[in-house]
Amino acid sequence: MITTITLNPAIDRTLIVDQCILGKVHRIKSCREDVGGKGINVAKVIHLLEGETTAIGFLGSRNKKEIEAYFHQENIQFDFVDIDDKNRVNTKIVDLSTMTTTDFNDSGFQIHAEQISLIKSKVEEYAKVSDYMIFSGSMPWGCSEGLYKELIELVKDHTKTVLDADGKLLAEGIKASPFLIKPNIHELENTFGVKVDSIEDVIHAAQKISKNYDIRWVLVSMGKEGSVLVSKEKVIMANPIPVKAINSVGAGDSMLGGFINSYALDEDPFKALVYGTACGTLAVTTEGTQGFTKDQVQVIQSKVVVNDVSSQYDHH
């Protein structure tokens, strides 16, 4: 089973406008609300690919009906620690004139020490029955920047751990040597202070992180440039698939869900990168995080090209 951990769930409200101009009144062309939070988005994709998954984490009890109704409707297993507060609402504005998405993300609820203890116990409990645990996304108020590191250290002897976070959360979390991390280029630069001007720069930075922190795989999503999967021994490139991108909300989460679901089946990094790329590509062609179908993944995965370019890079 693959367990996803979402400490700061959200309701994602996506507004589509012709053009977004600061200080002006806008007419909304369409609007939708999706249950969100990075870990929950990953669980959605694993579930649609018919993988076994459970979503755990914190959940605000005052507006949780919409989120729980979604899990029941989609038949996704969930087991959250209730917080006596509201889940945050994140607003995404899609500008059709530039095909860009602007995010306004709320900070979320306040967490206290006893609730930290409860989530640690729950994570330990699920580690015993999980092949993989995916820790992803931001944290609400009250959580320390080292909490992902603590949680990964608690369970890494029982399960493989995956970390998808940014800034200090990622910088601290990698000290626990998770099995895989999935930064995008912005997160790579923001967290590690590296300047990335080329794919070669990305690969060299990922190799250094893998080696220095003993991380099995570093999966870097590069947007229109595709993605690259790096370990101490391997460098595997996935070419981008040209599509009309509508929005970038949840694209990285879809990529991670597709990748881990495939990798968990037979530990084939090439096949996993194909599935991850297919899911990430489909995500940018849909509004919000409304999802796609397994049949669509099967169709588009045949168009994904991955290459082993390890021999071009010095691993020593």
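Ile-93 stands opposite Thr-102 in strand 7. The model is a predicted one. Strand 6, residues 88-95, and strand 7 are paired in the antiparallel sense, with 5 bridges. They belong to an open sheet of 4 strands, ordered 3-2-6-7, in which the pairing is mixed. Strand 3 (30-36) and strand 7 (100-104) are at the edges; each has a single partner strand, so one side of each lacks a neighbour in the sheet. From one strand to the next, the twist averages 20°.

Strand 2 pairs with strand 6 in the parallel sense over 8 bridges, while strand 2 and strand 3 run antiparallel and are joined by 7 bridges. Ile-11 takes part in both pairings: opposite Ile-11 in strand 3 is Val-35, and the bridge partner of Ile-11 in strand 6 is Val-89. Helix 2, residues 65-74, lies across strand 2 (10-17) and strand 3, and runs at about 80° to strand 3.

A second open sheet is formed by 10 strands in the order 5-4-1-8-9-10-11-12-13-14, with mixed pairing. The edges are held by strand 5 (77-83) and strand 14 (306-308), each with a single partner strand, so one side of each is left without a neighbour in the sheet.

Within this sheet, strand 1 (residues 2-6) and strand 4 (residues 53-60) are parallel and share 5 bridges. Ile-5 is placed opposite Ile-56 in strand 4. Helix 8, residues 251-266, packs on the sheet and touches strand 1, strand 8, strand 9, strand 10 (180-181), strand 11 (217-221) and strand 12 (227-230). The direction of helix 8 makes about 170° with that of strand 8.

Helix 1, residues 38-48, lies across strand 1, strand 4, strand 5, strand 8 (132-136) and strand 9 (160-164). Helix 1 runs at about 155° to strand 1.

## Asp-253

Where is Asp-253 found? Asp-253 is in helix 8. Its relative accessibility is 4%, and because buried means under 20%, Asp-253 counts as buried.

The side chain of Asp-253 makes a polar contact, at 2.9 Å, with the side chain of Asn-41. When neighbours within four places in sequence are left aside, the residues in contact with Asp-253 are Lys-38, Asn-41, Val-42 and Asp-164.

## The chain as a whole

The chain contains 10 helices and 14 strands. Its radius of gyration is 19 Å, which agrees with the value near 20 Å that a compact globule of 316 residues would have. Taken along the principal axes, the box filled by the C-alpha atoms is roughly 55 × 45 × 40 Å.

Of the 316 residues, 53% count as buried. The accessible surface comes to about 14300 Å², and 48% of this belongs to carbon and sulfur atoms. Among contacts between residues at least 6 apart in sequence, 65% join residues at least 24 apart.

Conventions:
Residues numbered from 1 in each chain as written. Predicted model: local features only at pLDDT ≥ 70, side-chain atom pairs only at ≥ 80, totals over all residues. Heavy atoms only, no water. Pairing = 2+ DSSP bridges. Helix = DSSP H or I, 4+ residues; strand = E, 2+ residues; numbered from the N terminus. Contact = heavy atoms within 4.5 Å. Axes fitted to C-alpha atoms, helices over the stretch in contact; angles between N-to-C directions. Rg over C-alpha atoms; globule rule 2.2 N^0.38 Å. Buried < 20%, exposed > 50% of the residue type's maximum accessible area, 1.4 Å probe, protein only. Areas by Shrake-Rupley, 256 points an atom, 1.4 Å probe, with all protein chains shown as cover. Polar contact = N/O pair within 3.5 Å; in protein donor to acceptor, adjacent residues only side chain to side chain.
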